[in-house]
Amino acid sequence: MATLAQAKAAERIGNTPLIELTSFSTKSIKFYAKLEWYNPFGSVKDRPAYWMIKDGERKGLLKKGSSIIIEPSSGNTGIALAGIATALGYKVEIVIPEKVSQETKLLLRNLGATLHETTDDLCPRVGAGTDQSIALAKAISKPRPDIYYMPNQYENEANFLSHYEATGPEIWEQTDGRVTHFVTGCGTGGTITGTATFLKEQNPDIRVIAVQAQKNHLLQGLRNFEESSMPDLFLRRKDVADEWFTATNDESFLMVKELAEKEKLFVGPSSGAVMSAMIKISQGMNSGSSIVGIFADDGRKFKTLYQQLKLFDESQIANLTANPKHLPSLAFDAD
Ligand SMILES: Cc1ncc(COP(=O)(O)O)c(C=O)c1O
């Protein structure tokens, strides 16, 4: 059920904090994390979800009270779309791999989304051999264009623009133009292409590091580009990536633990992957470097997974969530 809190929350997307990771910074190399879970619905995906809905409205593809937004998502885009769209008067259906965490599915249902579960991998494949999630969302929406709108984050230019017009300028301002390296995980490629295109327009020397997940991964939101071809949105500007880093499950989860211990941050798996990449690339780097990483979501949706992996026990999780540093309440907590 949409609430006033949700509707108001949609207005505060973006302008997320950039913090220095002081236990990792040295005199010569600074580490910064952009905490995207400060977005009202809890992740970097609030940005493209909002931009794609607004774009659909501008193009007359959405009608309040009657349109249904349908999208394949492994979680965060679904949560953002459900939170924002229901508040704006649209119904939402999400096609989701059953492997996605229980917390994510519960959250989606609580936000009013109808779920269609598939047996897909965590991140639906695109292109040739498209997985069930994308095919199913298309099959449901295509015959009923009068009712259904599928934003299709894998192709929608509004996804790119949400980062080109906001994430990039925010990082540029927050670092006073001092950012030298930009590191982000990749799913659709919206974050990397939008943010990096803007940053390189300001300073072409900024190095951009793309993080992909290992094959057969547990890093929700990320993709492995051998397992699954590159989405069209990413292909249009894939040259913005200067370097690639493939994060393993193990190193990413170890880094989740290290960030909890050293920085008291409770991060999602992909932030662990990004941090691993930041540390790796910092080796041998010039003095005066400032590395900015995108921390896409926090750990609250992954408590069950973290306990299954024996990363944290129940009391450690209780401690991390009871004494939160940088763990704001989300729009749906207000309901
Ligand atoms: C959880 C999560 N979702 C999404 C993204 C970015 O995805 P996209 O390439 O679709 O912008 C990331 C990137 O780090 C992520 O960690």
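A residue counts as buried if 20 or more other C-beta atoms lie within 10 Å of its own, as exposed if 12 or fewer do, and as partly exposed in between. In the predicted model described here, asparagine 152 has 21 other C-beta atoms within 10 Å and is therefore buried. This residue is located in the loop that links β6 (148-149) to α6. Its phi is positive, at about 55°, although asparagine 152 is not a glycine. Most residues other than glycine have a negative phi.

A positive phi, near 50°, is likewise found at asparagine 15, a residue other than glycine. Asparagine 15 belongs to the loop between α1 and β1 (18-20). Because asparagine 15 has 11 C-beta neighbours inside 10 Å, it counts as exposed. The intermediate class is illustrated by glutamine 174, which counts as partly exposed because 18 C-beta neighbours lie inside 10 Å. Glutamine 174 is part of helix α6. Between glutamine 174 and leucine 18 the C-alpha to C-alpha distance is 6.8 Å, although 156 residues separate them in sequence.

As regards the overall fold, the protein chain contains twelve helices and ten strands. Its C-alpha atoms occupy a box of roughly 60 × 45 × 40 Å along the principal axes. Of the 335 residues in the protein chain, 51% are buried. When contacts between residues at least 6 apart in sequence are considered, 72% of them join residues at least 24 apart.

The protein chain is divided into two parts, domain 1 (4-37 + 166-325) and domain 2 (46-149). A distance of 24 Å separates the C-alpha centres of domain 1 and domain 2. The contact involves 23 residues from domain 1 and 24 residues from domain 2. On the side of domain 1 that touches domain 2, at least two residues are supplied by each of α1 (4-10), α6 (157-174) and α11 (303-308). The residues on this side of domain 1 comprise eight nonpolar, eleven polar and four charged.

Attention then turns to the interior. In soluble globular proteins, nonpolar side chains tend to be buried together. The largest nonpolar core of the model has 58 residues, of which Val208, Val211 and Val274 touch the most other members. Beyond its neighbours within four places in sequence, valine 274 makes contact with Val183, Thr184, Gly185, Val211, Gly293, Ile294 and Phe295. Another core, of 35 residues, lies apart from it and includes Ala9, Tyr50, Trp51 and Ala113.

The ligand is surrounded by 21 residues, and the closest are Gly185, Gly187, Gly221, Ser270 and Ala296. Gly185, one of these closest residues, is also among the contacts of valine 274. The shell around the ligand receives at least two residues from each of β7 (181-185), α7 (190-202) and α10 (269-282). By residue class, the shell consists of six nonpolar, 13 polar and two charged residues.

Key. Residues numbered from 1 in each chain as written. Predicted model: local features only at pLDDT ≥ 70, side-chain atom pairs only at ≥ 80, totals over all residues. Near = placed C-beta within 6 Å. Helix = DSSP H or I, 4+ residues; strand = E, 2+ residues; numbered from the N terminus. Nonpolar A, V, L, I, M, F, W, Y, C, P; charged D, E, K, R; others polar. Core = buried A, V, L, I, M, F, W, Y, C linked by C-beta atoms within 7 Å. Contact = placed C-beta atoms within 7 Å. Domains from an automatic or database assignment.
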